[in-house]
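Please have the sequence and the model open as I go.

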Amino acid sequence: MTRRTWAIAKVKENAGDGVLEVPSMAVLRYRTPAQLVSNFRRLWGVDPKLVCLPVVEHDGPLFEVDGLGGIPLSTYAPISNVLRGFEDAIQQFASMGIGIILSLSPNLSFIPGDGINVRDILGSATPQLCVANPRSGEVLAAILGTGIDIVREVCAKQPGKLQGAAIDATTLWPMGGSPGRVEATCFCAFCTEHFEEMAPGLLKKFRTFPNPWSLLLKPSDTGIAYIDELGPLATPEELVGLSRQRGYVDQFQSANEAVMLENANSLLRYIRIRHEQTMGSLAAIFDQAYHGLDDMPRRILFLEGERYNWTSGVWMEELDLSYPDTKGAYDEVWLNSNPSLLLRNIPFRVYMWRRSRYLISSFFDLAASATDPSRRAISGIARISEAHLKRMLDQRFHQMLGYGLNSEGALLSLPGRIDHQDSQMRLGFVAVSLDSDFGERFINQLNIVPGRADSDLQSSAGGIDPRLLQILMEQFQNTSDDN
Ligand SMILES: [Zn+2]
């Protein structure tokens with residue numbers, strides 16, 4: 001007797017083109033391109049049409065870039081015994097008939113000096129480039145542009161192989177704080193001047209505590225909670241209503257309606273200006289990187305599937321509404337599925353990972369910090385011991401892995417249809433090549449630099465009862481876990 005067929009068995013046909021995303025070349029150290037492709041087929045039931053490869057890692061560039069001389073290349077620039085470098089990875093995927101997309105993470109920390117970095121509310125530099133600073137944009141465009149040229153050289157006999165470039169816009173504006181203190185960014189000289197030009201006096205209102213951000217952001221001991229259900233047509237009254245409903249207004253000494261409405265007004269203006277500034281800065285990076293090319297690869301943005309992306313500075317519905325007028329600035333977005341976000345204009349692919357690339361980028365950034373001697377000496381992670389940092393990385397990796405949607409079944413819940421009859425224009429999906437075996441091997445090979453906590457321990461451990469020391473260490477680890 002033959003088994004009957006079910007509608008859901010057609011999920012593959014309606015899934016659209018699949019993209020294999022390789023978030024770090026470290027993945028290719030442990031898996032060959034052929035293994036990744038066959039794994040993709042096993043999980044998703046189809047072959048990947050495209051592969052997305054990085055042009056830069058959190059610890060350095062993957063190839064020499066004219067103008068960045070003296071900056072050491074990433075540990076993953078020589079990929080493996082088989083793949084000597086970026087060129088080889090491109091060549092191998094291209095020879096399998098797969099189209100290439102290059103990805104660029106702008107939150108880089110290896111450019112020396114902090115003149116072009118993000119600055120927090122206290123004026124301290126965060127080890128991450130501010131994308132709004134035109135000089136940072138030039139650095140990022142040079143890295144992406146060089147990657148594009150390498151693909152064109154390697155695939156000279158296969159024109160059209162390079163299909164797109166994707167900028168990871170999930171972590172452009174870091175934020176943090178402690179109860180009662182929302183600390184968002186950026187207050188660098190460039191951003192300050194830009195806001196002063198667009199809305200004199202506005203940014204100053206965000207320099208105190210509590211500030212208008214507190215209407216929608218609420219830090220706790222374990223992280224920062226946020227409200228994102230806010231479209232570009234929201235009124236100050238609606239914003240205050242949302243804030244009251246969630247109890248965020250408790251962060252203000254007095255929740256007087258008139259004062260709250262004034263704060264809501266300032267916050268809406270801030271969000272709009274930051275959105276336009278962010279989109280303009282990202283468009284400028286593409287423009288410079290694509291300068292002089294005959295055929296333009298697609299311009300793609302990684303974003304979180306939220307109505308307002310706090311760490312991207314992007315209002316999704318605003319991006320979608322303005323898409324018909326800004327055609328050419330962006331061609332598609334990659335974002336995780338969110339049933340309460342409807343995109344009507346901009347084509348998209350569903351990124352098969354909750355919170356999109358946000359946690360993935362944060363994990364690789366933490367790994368890069370752990371192996372960077374200067375960040376281990378001066379940044380927040382200096383006081384974490386080597387052993388604890390390793391456990392933290394392990395924990396973060398597994399937390400991140402828990403956010404993955406790795407199976408054909410996950411395609412069933414995707415919004416929109418490929419045939420474009422629905423108002424949502426879904427082009428396909430993006431699957432990420434990460435699994436627990438990779439995590440273990442990756443973390444084990446990391447060359448974690450000892451931090452201040454390790455030297456304190458060595459110098460003071462002599463006279464202390466080892467059991468007492470163990471208890472102290474555990475207490476220390478518990479407190480730093482909350483950060
Ligand atoms: Zn800035």
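Predicted model: local features only at pLDDT ≥ 70, side-chain atom pairs only at ≥ 80, totals over all residues.

On the buried side of helix 6, which runs over residues 236-246, we find Leu239, Val240 and Ser243. These three lie on the same side of the helix, because the arc they cover around the axis is only 95 degrees.

In general, a pair of packed helices is described by two quantities, the angle between the axes and the distance between them. For helix 6 and helix 7 the angle is about 110 degrees and the axes are 9 Å apart; since an angle of 65 to 115 degrees counts as roughly perpendicular, that is therefore how these two helices are placed relative to each other. At the meeting point, helix 6 brings Pro236, Glu237, Leu239 and Val240, while helix 7 brings Met260, Leu261, Ala264, Asn265, Leu267 and Leu268.

I would like to stay for a moment with leucine 261, which lies in helix 7. Setting aside residues up to four places away in sequence, leucine 261 touches Pro236, Glu237 and Val240. Why does leucine 261 count as partly exposed? It has 15 C-beta neighbours inside 10 Å, whereas a residue needs 20 or more to be called buried and 12 or fewer to be called exposed. Looking along the chain, aspartate 294 is 33 residues from leucine 261, and the C-alpha atoms of the two are separated by 50 Å.

Now to the interior. As a general point, nonpolar side chains in soluble globular proteins tend to be buried together. Here the largest nonpolar core has 122 residues, and the ones with the most contacts inside it are Ile100, Cys130 and Leu301. Helix 7 gives the most to this core, with 10 residues. Isoleucine 100, again leaving out residues up to four places away in sequence, touches a set of residues that includes Val51, Leu53, Phe93 and Leu162, and also Lys161 and Gln163.

For another local example, consider isoleucine 448, which sits in the loop between helix 12 (436-445) and helix 13 (452-460). Isoleucine 448 counts as partly exposed because it has 19 C-beta neighbours inside 10 Å. Its contacts, apart from neighbours within four places in sequence, are Ala370, Thr371, Glu386, Leu389 and Lys390. Arginine 299, by contrast, is 149 residues from isoleucine 448 in sequence and 36 Å from it in space, C-alpha to C-alpha.

Let me finish with the chain as a whole, which contains 14 helices and 18 strands. Its radius of gyration is 23 Å, close to the 23 Å that the globule rule gives for 483 residues, so the chain is as compact as a globular protein of that length. The C-alpha trace spans about 65 × 60 × 60 Å along its principal axes. Of the 483 residues, 42% are buried, and of the contacts with a separation of 6 or more, 74% are between residues 24 or more positions apart.

Technical notes. Residues numbered from 1 in each chain as written. Helix = DSSP H or I, 4+ residues; strand = E, 2+ residues; numbered from the N terminus. Arc of directions from axis to C-beta. Contact = placed C-beta atoms within 7 Å. Core = buried A, V, L, I, M, F, W, Y, C linked by C-beta atoms within 7 Å. Rg over C-alpha atoms; globule rule 2.2 N^0.38 Å. Axes fitted to C-alpha atoms, helices over the stretch in contact; angles between N-to-C directions. Parallel < 35°, antiparallel > 145°, perpendicular 65-115°, else oblique.
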